[in-house]
Amino acid sequence: MGYVQDTHMSQYIPPTLFHCVTGTWTNAAGAVTGTIAKHVAAADQTAVVNIPILLPSNSSALKGAYLKSIEVDFEILIAACDAVDAVINKVTRGADTAVAVVAAQAFSYDTGHDTAAERDDLDQHLMTLTLTTPIWIDNDVYVLVELTLDQALTTTIDLLGAVANFDLKV
Amino acid sequence: MGYVHDTAMSQFIPPTAMMGVTGTFTQAAGAVTGTIAFHRAAAAQTSVITIPVVLPSNSSALKGAYLKSIEVDYENLLAAATSVTFALNKVTRGADTAVAVVSAVTVTQSLTAAAGAETQDQHKCTVTLTTPEWIDNDVYYLLTMTIVAGATVTNDVLAAVANYTLRL
């Protein structure tokens, strides 16, 4: 029954699904009324946020979702961060009794975020991470985007969401 | 390459994806064993629960998901609320260095806010877009559930289900 190869698929990932470690994180209204955000309070600290990339997978080779890039919408408020960095981790699930295996994937930042100074400045950000080699999402793997947010003493951050861009072949 | 046009697609949105503002919210077991819920504790206040509509989108016009309605399963417990009102916001993501832009989408809800949706009971309220919309890759949708509550009522939101047409 049929065959689809759509190269323009995207998936919104809400901030409520983000995993945040270090810092005081709350679900809060965004700076723009009607938006929602994962908010970290001001503190001189380095927080780590993992964004689960929720895409359909497929146990057949070369089918399902072919992840190409991830966009992250966030706002650095009050003061610039000291640093903002991203990593794309592919997690191969462990078999029963075995641990998972994590492999960092090569990627590039968009031209507006390919220097440290562009990523950590006080502003609204739409940061695109493009995989050097896109990956098919097998049913035994999932992908996490890890953001390391090195805040200055007065910096607060609102994470608004993420969007994964992928090909769908089914 | 191929063509799919399925008008009967639905997507479960779990309560763990929901966000509450104003009130004390917890992730809790539902009233029926085996269910999970986003729970609001009793307090006389107006609380807003935001439900992200997690659907695939598409950068091609007239493709991807065509959002038609959203059903919300919830329970008003211990007492009736004053009202339960739904609204749908379309968020157009900001370009880099720009803020997002929010616009209200015209909807109708199957249960009247203060004459059906607020009663002490289990509820399934369907929120229907007056004009269904294709979801572009630059936008997302947030459904808000505003609960005007008296001192006693608690609320469990069990799930939402988005109904859409999928065209690929």
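Visitor: Before we start, how are the residues and chains labelled?
Guide: Residues count from 1 along each chain as its sequence is written, while chains are lettered from A and ligands numbered from 1 in the order in which they are written. Since the model is predicted, local features need pLDDT of at least 70 and side-chain atom pairs count only at pLDDT 80 or more, but totals for chains, interfaces and linings use all residues.

Visitor: What does chain B average for pLDDT?
Guide: Chain B averages 96, and 99% of the residues score at least 70. pLDDT is the predictor's confidence in each residue, from 0 to 100. The model also scores ipTM 0.88 and pTM 0.93.

Visitor: Which strand of chain A is joined to strand 6 of chain B?
Guide: Strand 1 of chain A, residues 5-13, is joined to strand 6 of chain B by three bridges, and the two run antiparallel. Ser10(A) has Ser57(B) as its bridge partner. For strands to count as paired, DSSP has to find at least two bridges between them.

Visitor: New topic: what's the strand order in the open sheet of chain B?
Guide: Its five strands go 2-5-12-8-9, with antiparallel pairing. Strands 2 and 9 of chain B are at the edges with a single partner strand each, so one side of each has no neighbour in the sheet. From one strand to the next, the twist averages 30 degrees; axes are lines fitted to C-alpha atoms, and angles run from 0 to 180 degrees between N-to-C directions.

Visitor: How many bridges pair strand 8 with strand 12 there?
Guide: Those two strands of chain B pair over 10 bridges, and Lys90(B) has Tyr141(B) as its partner in strand 12.

Visitor: What about strand 13 of chain B, how many bridges join it to strand 7?
Guide: 13 bridges, running antiparallel, with Glu71(B) partnered by Val161(B). Strand 1 of chain B is joined to strand 13 by seven bridges, and His5(B) stands opposite Arg167(B).

Visitor: How many residues are in the largest nonpolar core?
Guide: That core has 80 residues, and those with the most contacts inside it include Val53(B) and Val145(A). A nonpolar core is a set of buried Ala, Val, Leu, Ile, Met, Phe, Trp, Tyr and Cys residues joined through C-beta atoms within 7 Å. Beyond its neighbours within four places in sequence, Val53(B) is in contact with residues including Leu67(B) and Leu143(B).

Visitor: Last one: is Thr46(A) buried or partly exposed?
Guide: Thr46(A) counts as partly exposed because it has 16 C-beta neighbours inside 10 Å. Buried takes 20 or more other C-beta atoms within 10 Å, exposed 12 or fewer, and partly exposed is in between, with C-beta atoms placed from the backbone. Thr46(A) is in strand 5 of chain A, and its C-alpha atom is 4.2 Å from that of Asp150(A), 104 residues apart along the chain.

Technical notes
Helices (H or I, at least four residues) and strands (E, at least two) are DSSP runs, numbered from the N terminus. Two residues are in contact if their C-beta atoms, placed from the backbone, lie within 7 Å.
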